[in-house]
Amino acid sequence: MINIYDTPARSEWAALTRRQLPDDSVVEQRVAAILERVRKDGDAALKAIATEIEGSCPETFLVSPSEMDAAEAAVPAGLKEAISRAAANIRAFHAAQTAETVKVETMPGVRCERRSLPIARVGLYIPGGSAPLFSTLLMLAIPAKIAGCREIVLCTPCGRDGKVADAVLYAARFCGVDKIFKIGGAQAVAAMAYGTESVPKVLKIFGPGNRYVTKAKQLVSAAGTAIDMPAGPSEVMVMADSTANPAYVAADLLSQCEHGPDSQALLVCDSMEIAKAVDAETERQLALLPRASIAEKSLANSRVIVLDGREAMIEFANCYAAEHLIISMDDPWAVADRIEAAGSVFIGNHSPESAGDYASGTNHTLPTMGLAGAFSGIGTDSFRHQVTYQELSREGLSSLAETIITMADAEGLDAHAAAVKVRTR
């Protein structure tokens, strides 16, 4: 069922680590038009676009307290308890990430500081559809609160009945989100980036979405609104040797494939025996999934790579730079210590990727598309920005004057040199 590649040559690795990159030129044109409409016409554009795309528009975008109360009453007690427990772990892990102020006297009379300050107002986007991701709301709103953001704005789609998923509203209230708007798609990104009569302008936008949402985030980031990271379809790589359980590995691959038809799952192993066992188990488990049709399309983009030993497996994993990397191998920490490119790493046979997705405490908003070698997943510092400070005494400036003037003269920037000379004459 999954394409198996037996000890491919190094010259083939680039092709085997390549993601599916659809032509987004049409999407970009449509998104650019939506952004411009919202920028110019605000709420009127949001209403018109919702009617055109969804066939309906809510009477008001802002979710009311009574809607929040109804959602809270509708969420089962068991789910509330699960959210509370997951939130406690997420809070514990992210609270430990608070940055300290750095203070250094680089030389006598020259004092430098670096302080971490909260981003005043942030915007979160949570998709709706067949799987409303209330778990992502925990992953974003909790660190935003810990970071000290003064205002948290949420946009999320509603159904034709004007309702937002109960679990999303409950999680938003639980996490202390300030304002919730029933707006989805690229138009939600535009509303938060530019501001409208209803939606306040934010300084940074977080959250996943489809190709339209992703493209909207990319376009507004080029025009002055910060975003969390470039993001594409979800992905997982499992590294497995003879100590791995094929049923566990197959379940991990399918848990990623059910996200969407453009998701990707890779198995990297050291024998054809493991490859065939996982392939057979994947086919067996696939037939039992309610979202089997989605997972089956994703499996068409997925691969099993059989390589000659641990060294090659580690090198291939670093070439791929997976969003999620599961190490189901003997002495897994020794392997993990040599991984240089991954969004989040899951160690051993009892660490499924779904643990990180929901409740272990780490964040599941992670870099994809091979960017995990340079980009980080969301953390508390994602909701803060760093400011540097310097204070020079008269003696400190005098000690540095010749250095600054010499360097400014060498670059031909006479005014820079003059700013020092006027103070030290």
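## Terms and model

A residue is called buried under 20% relative accessible area, exposed over 50%, and partly exposed in between, with a 1.4 Å probe and protein chains only. By that rule K215, at 12% relative accessibility, counts as buried.

The model is predicted: local features need pLDDT of at least 70, side-chain atom pairs count only at pLDDT 80 or more, and totals for chains, interfaces and linings use all residues. Residues are numbered from 1 along each chain as its sequence is written, and side-chain values use heavy atoms, with hydrogens and water left out.

## Overall make-up

The protein chain contains 17 helices and 14 strands. Helices (H or I, at least four residues) and strands (E, at least two) are DSSP runs, numbered from the N terminus. The C-alpha trace spans about 80 × 60 × 45 Å along its principal axes.

Of the 425 residues in the protein chain, 45% are buried. Contact means heavy atoms within 4.5 Å. Among the contacts in the protein chain with a separation of 6 or more, 74% are between residues 24 or more positions apart.

## Helix α2 and its surroundings

Helix α2 (residues 25-41) has 17 residues and reaches 24 Å from its first C-alpha to its last, close to the 24 Å expected at 1.5 Å a residue. The expected span is 1.5 Å times one less than the number of residues. V27, V31, I34, L35 and V38 are buried in α2. Seen down the axis of α2, these buried residues fall within an arc of 100 degrees, so they line one face of the helix; the arc is that of the directions from the helix axis to the C-beta atoms. Q29 and K40 are exposed on the other side of α2. The cover over the buried residues of α2 includes α3, α8 (185-194) and α9.

K215 lies in helix α9 (residues 211-221). Apart from neighbours within four places in sequence, K215 is in contact with D24, V27, E28 and V31.

## The α2-α3 contact

Two packed helices are described by the angle between their axes and the distance between the axes. For α2 and helix α3 (residues 43-54), the axes come within 6 Å and cross at roughly 145 degrees. Axes are lines fitted to C-alpha atoms, for helices over the stretch in contact, and angles run from 0 to 180 degrees between N-to-C directions.

From α2, the contact uses I34, R37, V38 and D41; from α3, it uses D43, A44, A45, L46, A48, I49, E52 and I53. These residues divide into eight nonpolar, no polar and four charged. Here Ala, Val, Leu, Ile, Met, Phe, Trp, Tyr, Cys and Pro count as nonpolar, Asp, Glu, Lys and Arg as charged, and the others, Gly among them, as polar. Just after α2, G42 takes a positive phi of about 55 degrees.

## Helix α5

The 19 residues of helix α5 (residues 77-95) should span 27 Å at 1.5 Å a residue, and the end C-alpha atoms are 26 Å apart, which agrees. The buried residues of α5 are I83, A86, A87, I90 and H94. They fall within an arc of 110 degrees seen down the axis of α5, so they line one face of the helix.

These buried residues pack against α6 (134-147), α7 (166-175) and α15 (353-358). The face of α5 turned away from the buried side carries the exposed residues A77, G78, E81, R85 and A92.

## The three-stranded sheet

Three strands form an open, antiparallel sheet in the order β2-β3-β14. Two strands pair if DSSP finds at least two bridges between them. β2 (102-107) and β14 (384-392) stand at the edges, each with a single partner strand, so one side of each is left without a neighbour in the sheet. The twist averages 20 degrees from one strand to the next. Helix α16 (residues 394-410) packs on the sheet and touches β2, β3 and β14, with its direction at about 90 degrees to that of β14.

β2 and strand β3 (residues 110-118) pair over five bridges in the antiparallel sense. K103 has E113 in β3 as its bridge partner, and E105 stands opposite R111 in β3. The hairpin of β2 and β3 has two residues between the strands, and G109 there takes a positive phi near 85 degrees.

## A295 in helix α12

A295 belongs to helix α12 (residues 292-300) and is buried, with a relative accessible area of 0%. Leaving aside neighbours within four places in sequence, A295 is in contact with L254, C257, E258, L286 and L289. The C-alpha atoms of A295 and S25, 270 residues apart along the chain, are separated by 26 Å.
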